[in-house]
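Subject: Structure handover

Hello,

Here is the structure for you to look over. My notes on what was found follow below it.

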Amino acid sequence: MPEYDLQDPTDLDIMRGQFDMHTSDDWQEYIELAEERGIGYKNIKILKSAQRKAGISKYLSPKVINWVLNVVEKLDSEEE
């Protein structure tokens, strides 16, 4: 996953766009996968928060969006 500058409006728009592409069902799949792999309570909790905010990234801070996308990237890379 590319490194995003949390101060750059273009990077923030890209991150929000990537976050908003995931539906609530997508987040549920990631939560189940994370629980199977035991990636940690905080990571699972942030995925559940992302599920509640699916499609409405404007209510999440850039740090949280970055964290969620990093967790998703980690889960996807381990899956391959």
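The protein exposes about 5100 Å², and carbon and sulfur atoms supply 48% of that area. Accessible areas come from the Shrake-Rupley method with a 1.4 Å probe, and for residues only the protein chains shown count as cover.

A word on the source. This is a predicted model, in which local features need pLDDT of at least 70 and side-chain atom pairs count only at pLDDT 80 or more, while totals for chains, interfaces and linings use all residues. Residues are numbered from 1 along each chain as its sequence is written, and side-chain values use heavy atoms, with hydrogens and water left out.

Overall build

The protein has 4 helices and 0 strands. Along the sequence the pattern reads α-α-α-α. Helices (H or I, at least four residues) and strands (E, at least two) are DSSP runs, numbered from the N terminus.

The C-alpha atoms fill a box of roughly 35 × 25 × 20 Å, taken along the principal axes. The radius of gyration is 12 Å, which agrees with the value near 12 Å for a compact globule of 80 residues. That radius is taken over C-alpha atoms, and the globule rule is 2.2 Å times the number of residues to the power 0.38.

Of the 80 residues, 34% count as buried. Buried means under 20% relative accessible area, exposed over 50%, and partly exposed in between (1.4 Å probe, protein chains only).

Among contacts with a separation of 6 or more, 66% come from residues 24 or more positions apart. Contact means heavy atoms within 4.5 Å.

Charges next. There are 10 positive and 17 negative charges, and their mean positions are 12 Å apart. Lys and Arg count as positive, Asp and Glu as negative; His and the chain ends are not counted. Each charge is placed at NZ of Lys, CZ of Arg, CG of Asp or CD of Glu.

Helix α3

Helix α3 covers residues 41-52, 12 residues in total. From first C-alpha to last it reaches 17 Å, close to the 16 Å expected at 1.5 Å a residue. The expected span is 1.5 Å times one less than the number of residues. Buried residues in α3 are Asn43, Ile44, Ile46, Leu47, Ser49 and Ala50.

Leucine 75 is found in helix α4. Is leucine 75 buried or exposed? Leucine 75 counts as buried because its relative accessibility is 0%. Beyond its neighbours within four places in sequence, leucine 75 contacts Tyr30, Leu33, Ala34, Arg37, Ile39 and Leu47. Its C-alpha lies 7.5 Å from that of tyrosine 30, 45 residues apart along the chain.

Arginine 37, one of those partners, lies in helix α2 (residues 24-37). Arginine 37 is partly exposed, at 30% relative accessible area. Its C-alpha is 12 Å from that of aspartate 76, 39 residues apart along the chain.

Two loop residues

Glycine 55 sits in the loop between α3 and α4 (62-79). Its relative accessible area is 42%, so glycine 55 is partly exposed. Leaving aside neighbours within four places in sequence, glycine 55 touches Phe19, Asp20 and His22. Methionine 21 is 34 residues away in sequence and 7.0 Å away in space, C-alpha to C-alpha.

Threonine 23 lies in the loop between α1 (9-20) and α2. Threonine 23 counts as partly exposed, at 41% relative accessibility. Threonine 23 and glutamate 73 are 50 residues apart in sequence and 16 Å apart in space, C-alpha to C-alpha.

Best regards
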